[in-house]
Each structure stands twice: as C-alpha cells, then as structure tokens.
Amino acid sequence: MSFAAPLRLRLDSEALIANWRAMASLSGNAQTGAAVKADAYGLGAREVVPRLWKAGCRDFFVAHWGEAEALADLIPTSSIAVLNGIAEQDVEAAIALGAAPVLNTPHQISLWKNANGRRCHVMLDSGINRLGIGPEQFSPKLFDRLDIDILLTHLASADEDVPQNAQQLTTFIAMSEGISAKRRSMANSAGIALGSDYHFDLTRPGLALYGGAAHLHLRTSIRQVVLPQARILQVRDVAAGSTVGYNATYTTQKRTTVATLAIGYADGYFRGFSNSGSICVNGTECLVLGRVSMDLITVDVSAAPEVAEGDWCDVNFDLRLASEWSGMSQYELLTALSDRADRRWI
Ligand SMILES: *Cc1c(COP(=O)(O)O)cnc(C)c1O
C-alpha cells in the first residue's frame, strides 16, 4: 500500500528547459553548462540532467564524486565535472569513472599527474579566496603535462554591481594567459547577466535554471520551476482577540477563518515565513498567521471562497519573493525542499 502525501512538489519541465535556453541565449557565443550539484539544488539531478541533456547541455557540474557516479548511467561521464576536486583515496575510482576533476590546489594537480590522469579542469581563484589556485601559488610550470579542458574561476559578487567583478575579470585574464586549456569559464547565473566580457567559452548557470532570480536583469526571463502544494487539514473560525500558533505571535483583530495546511519547516518552509508567507487558496492570496511549525502552517482564509478540509492550496514560492519573506537565500529555499513531499514532474 502507498499513501499519498498531503504535500506535493510539482516540477515544471518546460520551465526548466526554457530557463536553460534563456541562459544559453544570454550567453551569446559561449556554450552553456549546468550546475547540478546538491542533487540539482534539491530538485533531483536524475530528473534534471536528462532533460537538460536533451535540450543540448553537455557540461554538468557536481560537487562530489558520489554525485557524478549517481549520473553515470544517464549521460557520458566525460560530460561531468567534479567541482570539489580530488582526494588521494578517490583518484583511482575517479579515473575509472571517467568524470573530470576540477583541480583546485597544487597538491591535487600533483596527485592527478602522478596517477597519469588524463583530461581535467582547473580552478583559478581570481579573488573569492575560497577554492582554487591562488595568485601566490601560481606558476606556469604547475600546469605542465596537464590536459586541461576547462580553466575555471568563480565570481564572488556577481549578483551585485560592484567593482570586484571587473577586478576578478582582469585577474582571471592575467592568470589564464599562458596556460594552455581548451576552454575558459567564469560566469554563474548572475555572472551571465554581467555581459559578454564575462562569458568566455562556457557559462555555468545553476540557480536561474531552477527559477531563481539571480540578478535584477534576469527577473523577467526566468520561470518558476518548483510549485509546492499543500492540503488543508482543518478549517475553523477563531474568535476576535485569539492568538494563533506557538508562542502566540499573532492575535486576531476580528473573527477569522483559519486553515491549517500540511507544510512546515521540516519541508523547507522555514520559520522565516511566520506571519509573512503567502498561500493561494482557491484563487485568493492568503497570509500565513503565527509561527510556522515543523509540519504545519496556519493561514487566514477569511477572504477565500468555499474553503474546505481536503482542498489543495498553492504555496507561493516565487523564489525572489519567498526569499524576501523568509529571510533565506533562494539557494537555501531550493536545497531544503522536502523529501517526504510527493514529487511530480509535469
Ligand atoms: C554553484 C556553482 C555555479 C552555479 O552558480 P549559480 O549562482 O547557482 O548560478 C557555478 N560555478 C561554480 C563553481 C559553482 O560552485
């Protein structure tokens, strides 16, 4: 027997593909890859990757070797790059798998050379100071005898118009001169919006594919991919002057019809949505009242017509708005999405 969950995630295939195409079109002459780390930002890499492959994507970026292995029966492993690099204990299995490491340190480079590893990628750190070969570690000799496909760098502040972007651009160009690599790649989703100087040979969008408004300029071209729906478990009238939910953070001003829905912070509907999230109930926008609980929220449905126990409601999950309401980043909202929801690709 299998039970239907009172919570659904509808995932829009067409929107995903349209978002990738929009990113590809904004990338101009550059090729367009896809960041599918963290299980494609929580959407499910095994669902996302074949759809993007079919749309024409040929470069997929994961963080861990286990994530590359989990895709090995779906696409050629040579199309997968592992961003977190390589550790000694993984070298042999990595070579056997055939995905390419993004080498981030001189140590990783020597591991790869000593194992006679073939095609690889290299991350240069042009100013984020997080992962990659830094200017002080840099010597052209480091890259001798490496078969480098993609020379990468990563922007720290691509979602802001700040001088750091141009500084990183200059640093990357200077660092990459003299290194022989087939392709250069700098831009994540927001970086694509910074213009063609940032595109090089390959772009690496993630967030925008999944519906995130990574940059002001991308707001209009990106469609929502994740559409959560929760079922109403109870509807009740509450008298004026009553409090709703844990710690009584909301007090009704008048008699209020309260619906309780099967979604909570354990589903990734964070406590930041308390008294601020919005739910569409039979076509009417209704506000979350009081605290978000682990498995439940309470919603003011006084203005919505004919609300009944068992009805399904759309949880407003436009990522830009949801991020404002909850105080969480768009990335956190996606990667926290519940496993106990029924997921349906439409
Ligand atoms: C996650 C990641 C991306 C994608 O970034 P978005 O902001 O989600 O578009 C690109 N490059 C690297 C190295 C990453 O880690």
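Biologist: Is K37 buried, partly exposed or exposed?

Modeller: The model is predicted, and K37 lies in helix 2, residues 37–41. Its relative accessible area is 28%. Buried would require under 20% and exposed over 50%, so the class of K37 is partly exposed.

Biologist: Which feature does UniProt place at K37, and which residues is K37 in contact with, leaving aside its neighbours within four places in sequence?

Modeller: The UniProt entry, which is unreviewed, gives K37 as a modified residue, N6-(pyridoxal phosphate)lysine. Beyond its neighbours within four places in sequence, K37 is in contact with F61, V62, A63, E67 and L83.

Biologist: Where around the axis of helix 3 do its buried residues lie?

Modeller: Helix 3 covers residues 45–55, and A45, V48, V49, L52 and A55 are buried there. These residues cover an arc of only 125 degrees around the axis, which means that they lie on the same side of helix 3.

Biologist: Which elements do the buried residues of helix 3 pack against?

Modeller: Helix 2, the element that holds K37, is one of the partners. The others are helix 1 (13–26), strand 3 (34–35), strand 4 (60–62) and strand 19 (342–345).

Biologist: How much of the ligand's exposed area does the protein bury?

Modeller: The ligand is surrounded by 13 residues, the closest being K37, Y41, S189, L207 and Y331. An oxygen atom of the ligand is 3.1 Å from a polar side-chain atom of N188, and an oxygen atom of the ligand is 2.8 Å from a polar backbone atom of L207. Taken alone the ligand exposes 390 Å², of which the protein buries 93%.

How values were computed: Residues are numbered from 1 along each chain as its sequence is written. This is a predicted model: local features need pLDDT of at least 70, side-chain atom pairs count only at pLDDT 80 or more; totals for chains, interfaces and linings use all residues. Side-chain values use heavy atoms; hydrogens and water are left out. UniProt positions are given in the numbering used here, feature names are shortened, and annotations may be inferred rather than shown by experiment. Helices (H or I, at least four residues) and strands (E, at least two) are DSSP runs, numbered from the N terminus. Buried means under 20% relative accessible area, exposed over 50%, partly exposed in between (1.4 Å probe, protein chains only). Contact means heavy atoms within 4.5 Å. The arc is that of the directions from the helix axis to the C-beta atoms. A residue is near a molecule or strand if one of its heavy atoms lies within 4 Å of it. A polar contact is a pair of N or O atoms within 3.5 Å; within protein, one must be able to donate a hydrogen and the other to accept it, and residues adjacent in sequence count only if both atoms are side-chain atoms. Accessible areas come from the Shrake-Rupley method with a 1.4 Å probe; for residues, only the protein chains shown count as cover.
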